[in-house]
Each structure stands twice: as structure tokens, then as C-alpha cells.
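Subject: Handover of a structure

Dear colleague,

Please find below the structure that I am passing on to you.

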Amino acid sequence: MPPIRLAALLVGAATLTATAQTPAFPGVTAAMRELVARQEVAGAVTMVVARDRVLHVDAAGAADLASKRPMTPDTLFWIASMTKPVTGVAILMLQDEGKLTISDPVAKHLPGFAGLKTPSGKPANLTIAQILTHTSGLGEAPGPAALQARTLADLEALWLAAPMQYEPGERWKYTQSGINAASRIVEVISGMTFDAFVQQRIFDPLGMKDTTFYPTEAQRSRLATAYATNTATGALEAVPPRPEYGSRTRPPQGNGGLYSTAPDYARFCQMLLNGGTLDGRRYLSAAAMAALTTPLTGDLPTGFFQTAEWGNRGAHYSWGLGTSILRTPHDGVASMLSPGTYGHGGAWGTQAWIDPEKGVAYILMIQRAGLPNSDGSPARLAFQQAAAAALAK
């Protein structure tokens, strides 16, 4: 597809609100318009929520440039690794029911792991906590073989066949297989496929009507197109969907398979912001919430800001169960966040961060492929800066 320019696509001054009564922060609106105008993104949906209400929701730019389809609050996005906190919550629901503990050996629930050996030849004895905090050292499923998998059980055989990457607990390394292994544990214990479990236990009760591993045709008509920058021209070019996700022929992968909307994911964030409850229903116990949001990786440097290019910020972050936890704010995208803020980003720039100290959550939905660091994107920085400025007034 040839490059597409945005100049003619700033529909309605680039901003569409859900209704005339929907609250919106003018500073965020202006910041998103600027990003669209300079072709950093084709469009964006932004939300800020408190424990009991929506503080801001707005949409800017285009969901699809070729058709000039505008971005709207109900636009659907592939949220990629924002799936991981959902997987953590699913595991903790089972812990609340007494069906597992996060200190359990993975082999207790997935017997094939009993024979897994570390690089030094020792029994791996991986725990559920390790696979959810990226400290397990579990090997990844090779790409071509993984694309042939139809179930999480199919993937399990590939993880076990791959050599382990390092001794468990030795370091932090972002590991997709570990999160998917946790999804498989949910299946084995619950007797349900992972997608059915989270639908029944999380999405339906929270009213997350558009959050799914497998979008319907109607939902796909609202799916935002992903774009990357043409390095020669600076224009945005459409990129194809990721083949690992979205089709009923693919496993419901807890590492990154979900599609969602900003209002849907905001409901999930509000539940967590309220300590595991929303609208009078409890989803997680206080103990489970503590497990989700307490740093579990000790002094290991973690996260996506560890290199010199990103400020050597590994000590500023820790990991909980499927969640990144900010230990110490730093310049840039974490400057407006409190210690203890937690959440996760997605490969194509989607972001959701929950700040319990300030009682707010920030949700950003874009589809921008090729970002050097999704967590450090200009879109995230502009959004959070503008939102924090509005909240400070």
C-alpha cells in the first residue's frame, strides 16, 4: 500500500467525543491533534478514569486513513501485551478459590514441566510466580512451529522442547512463553479454554463487551488499522495484522492475544483501582491485589528502559504478576506517575497505567507499529503529560 498523507484527514478538527456530555481534557485533545498533524499516529483514543467515574474520554484522527474512517471511542484495537495483566488476574482468581498458589511448581499443574532442565542441567522447578514475572528462563516456542499451534497445549510442547535461556531467578528477561504457560494452567485447573474463562469471569461481569481474542466481523469493522512510518518519506503506511492473533485457528494467548476498546479496558482498570471490586462485585481479594501489585523481582533490573538509550532505568521498575511496577518515577513518561503505579503497554503503542496514590488510571489506544519502545513513545508522553496537567488544575 502506498504512503498516505494525513493533511486531508483531520476530520472534525481531528477530535470526536462520545457524546456532547462526555468529559474531555482540552489539553489532551490538543496534544493528540498535534500528534496526528505531524503523522506520529493516524489517530488515538484517550481515557482517564477515577475509581468511580470517567474524567476524560476523547478520540482524535483516523482509525483508517484510506477510507477516512474517523477514530471513535468504540474503535477496536489489538492491545497486545496489555493482555498480560488479565492473565495475572485470572491466575489470582484461582488462588482466591484455593485451587493454586503462585508459589506452586508449574509441574504441579502442567506435569510435562517436571522433566525441564536448566542450562546447568539442574531440575528447573519453575514456579507460577516466576513464569508471570519473566524470571523463569523458560525457552520460547520457535516462530514457524508456533504459528502451526492451534491450542495452548500445542504450544506447551514447543516450550518444553526449547532449551531454557538461563537459570531460574537469575535475571529478568521478557518471556512470552511464561505468560502463555500461566494461561494454560488456567485451562487445566478450570476445565475451560482460557478465552472462555476470562470471558465468563472477567469480561462479561465487568461489561467489557468488545474485549475478545476473536473479533467478530462486526467488531472487525471497528478495528483500527496499524501504521508504521516510511523512513524515506515520513508518511504513514498501513501494516498487516499480526498472524499470531485474532483467528479462531490460533490459541487464546495470554501474552498478547486480546482486542479491546478504551472504555472496556478502563472498566478493568477501575476494578483494579478499587482494590479488586467494581459496582459492588468483588473480583479479587485484598491478598490477591497485593500479589498483583507488589514487586516480586527483588533487586533485578527489569523493564524496557534498561539501555543507555532509555536512561538506564532498570532499577526504577520491578515486576508483579503480569504487571510492570514503577518503583521510582523518572524523567519522561514516568515523571507524572507515583511510586507504585502499575500496568502494561502493548507492542503497537497501547498503554494502561494505574496510579493508586492519585486514584486515577490512564488509558491510551493507538496502533503504531515499528516503535523503538512502545512504553517510551511520544504519544504516551504527550498524553500523560497533558492529562496530569489537567488533573493538577
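This is a predicted model: local features need pLDDT of at least 70, side-chain atom pairs count only at pLDDT 80 or more; totals for chains, interfaces and linings use all residues.

Residues are numbered from 1 along each chain as its sequence is written, and side-chain values use heavy atoms, with hydrogens and water left out.

Helices and strands are DSSP runs numbered from the N terminus (helices H or I, at least four residues; strands E, at least two). Helix α2 (residues 84-96) packs with helix α7 (residues 194-206) at an angle of about 80°, their axes being 11 Å apart. The axes are lines fitted to C-alpha atoms, over the stretch in contact, and angles run from 0 to 180 degrees between N-to-C directions. The two helices α2 and α7 are therefore roughly perpendicular (65 to 115 degrees). Contact (heavy atoms within 4.5 Å) brings V86, T87, V89, A90, M93 and L94 of α2 together with F194, F197, V198, R201, I202 and F203 of α7. By class, ten of these residues are nonpolar, one is polar and one is charged.

In helix α5 (residues 152-161), the buried residues are L152, L155, E156, L158 and W159; buried means under 20% relative accessible area, and exposed over 50% (1.4 Å probe, protein chains only). Viewed down the axis of α5, they fall within an arc of 165°, so they line one face of the helix. The arc is that of the directions from the helix axis to the C-beta atoms. These buried residues pack against α4 (143-146), α6 (176-190) and α7.

Helix α10 (residues 286-293) has A288, M289, A291 and L292 buried. Their arc, seen down the axis of α10, is within 160°, so they too line one face of the helix. On the other side of α10, A286 and A287 are exposed. The cover over the buried residues of α10 includes α2, α9, β12 (324-326) and β13 (342-345).

Rings of Phe, Tyr and Trp (its six-membered ring) pair if their centres lie within 6.5 Å, and the count comes to 13 aromatic pairs. One of them, Y265 with F268, is tilted, at 5.4 Å centre to centre and 55° between the planes (stacked is under 30 degrees, edge-to-face over 60, and tilted the rest). Y265 and F268 are three residues apart in helix α9 (residues 262-273), and so about one helical turn separates them. Both are buried, Y265 with a relative accessible area of 3% and F268 with 1%. Elsewhere, ring pairs link W172, Y174, F304 and W319 into a cluster.

Yours sincerely

Terms used: Angles under 35 degrees count as roughly parallel, over 145 as roughly antiparallel, 65 to 115 as roughly perpendicular and the rest as oblique. Ala, Val, Leu, Ile, Met, Phe, Trp, Tyr, Cys and Pro count as nonpolar, Asp, Glu, Lys and Arg as charged, and the others, Gly among them, as polar.
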